[in-house]
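Colleague: Could you take me through this model? I would like to start with the metal site and then move on to the packing.

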Amino acid sequence: MAPEPVPFIDGHNDILLTLHLAGDGAAPFLSRRSEGHLDLERAREGGFAAGFFAVFVLPETEKERAATRIPDRKPPYAQPLAGPVPTEYALREAGAIIDLLDELAASGDVRVARRVDDVESALSGGPLTAILHFEGAEPIEPGLENLAELYERGLRSLGPVWSRSNAFAEGVAFRFPYSPDIGGGLTEAGRRLVSECNRLGILVDLAHLNERGFWDVASLSEAPLIASHSNAHALSPNSRNLIDAQLDEIGRSGGIVGITYHTGMLTEAGGVDPDVPLARVIDHVDYVAGRIGVDHIGFGSDFDGATVPAELGDASGLQRVAAALRDRGYTEEDVAKLAHGNWLRVLHETWA
Ligand code: ZN
């Protein structure tokens, strides 16, 4: 007998930026798009019940934007950090991107998560639930004056930085092969941001922080530590991946490593390659589970922001991830934890 489809809570996608750049509003998400990885129809097919929907602000100029395009990178590479973006511009862009999310919510088919109940109801057949996430805190004023207002608009998760510097921290530069130990940690404003996120119940994501920033958050934050879309550095020495000491600290905190399907972060040799087998994703699950246990792993697809294995394809293929876990010997209970249970536990502990 075929096992029941398992619903997924997904740690990271870039569909809002894709919609923003296309300029046709939110409507393309509500049917089936011919490109990319995620839309309402493919989410339903694959069991994508809820996910972190990133607001990411591109640099202002085309020249700076070109430097952020990941698929061109061939290892070895050592890209300099992207330049900073001004707060006022970032806030304007973020506003337009959040408007798209509100447009999706107005359709009735998508809900913006405000409480854990919303995510729980998505797991039992309710509307697709989007968790509003900032990938880089540039839209937040360095004095945090507008943070509470953004929380009211639905903000429930943020990474202090993407891979560039801002008022709060220094991101991790894209390098392969390389350690994540590149550059400085949190600024004073960054420390205040982490504390204020703890107080408001906003999840702090470590995915694009360098190692100094990671340890600064680890020593400061009272919430479980989360890296929403990062893999094991031992299996793929990408500066964005987590070294063993970081994995151990995430486990100790009760947090989650969101294993990402991004092929550039999966292999020993590095480089973006859709022919990487889906089994390689499970190698990372095995490695992290071997170190810190199956309770500290989820998935962070990076749909519409990365090149994922062709064998997975897009969001409609998520049950193949569940099948690959079963093939590797994970029990039905483990599969449920990995697909959604662990994320749900962390949301309960972080948002309350
Ligand atoms: Zn990212």
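**Metal site and packing**

Colleague: How are the donor residues of the zinc ion spaced in sequence?
Modeller: The model is predicted, and in it the donor residues of the zinc ion follow the spacing E-x72-H-x20-H.

Colleague: Which residues are these protein donors, and which atoms do they use?
Modeller: Glu135 contributes OE, while His208 and His229 each contribute NE2. These donors lie 2.1 to 2.2 Å from the zinc ion.

Colleague: Where do Glu135 and His229 sit in the chain?
Modeller: Glu135 belongs to strand E5 (residues 128–135), and His229 to the loop between strand E9 (226–227) and helix H9 (244–252). The two are 94 residues apart, and the pair links distant parts of the chain.

Colleague: Are Glu135 and His229 buried or exposed?
Modeller: Both Glu135 and His229 are buried.

Colleague: Turning to aromatics, how many pairs does a search of the whole structure find?
Modeller: The search gives 10 aromatic pairs. One of them is Phe29 with Phe53, where the ring centres are 6.2 Å apart. Their planes stand at 70°, so this pair is edge-to-face.

Colleague: Why does that pair tie together separate parts of the sequence?
Modeller: Phe29 is in the loop between helix H1 (15–22) and helix H2 (40–46), whereas Phe53 is in strand E2 (residues 48–55), so the parts joined are 24 residues apart in sequence. Phe29 and Phe53 are both buried.

Colleague: And what is the arrangement of Phe52 and Trp343?
Modeller: Their ring centres are 5.0 Å apart and their planes at 45°, so the pair is tilted. Phe52 lies in strand E2 and Trp343 in helix H12 (residues 332–351), a separation of 291 residues. Both of these residues, Phe52 and Trp343, are buried.

Colleague: Which residues do ring pairs link into a cluster?
Modeller: The cluster consists of Phe8, Tyr261, Phe299 and Phe303.

Colleague: What about charges over rings?
Modeller: Arg156 lies over the face of Tyr151, 3.7 Å from the ring centre. The charged end of Arg175 is placed over the ring of Tyr178, at 4.6 Å from its centre.

Colleague: Finally, how many helices and strands does the protein chain have?
Modeller: There are 12 helices and 11 strands. Of the 352 residues, 60% count as buried.

Notes
Residues numbered from 1 in each chain as written. Predicted model: local features only at pLDDT ≥ 70, side-chain atom pairs only at ≥ 80, totals over all residues. Heavy atoms only, no water. Donors = N, O, S within 2.8 Å, 3.2 Å for Na, K, Ca; no water. Helix = DSSP H or I, 4+ residues; strand = E, 2+ residues; numbered from the N terminus. Buried < 20%, exposed > 50% of the residue type's maximum accessible area, 1.4 Å probe, protein only. Phe/Tyr/Trp six-rings, centres within 6.5 Å; stacked < 30°, edge-to-face > 60°. Lys NZ or Arg CZ within 6 Å of the ring centre and 35° of its normal.
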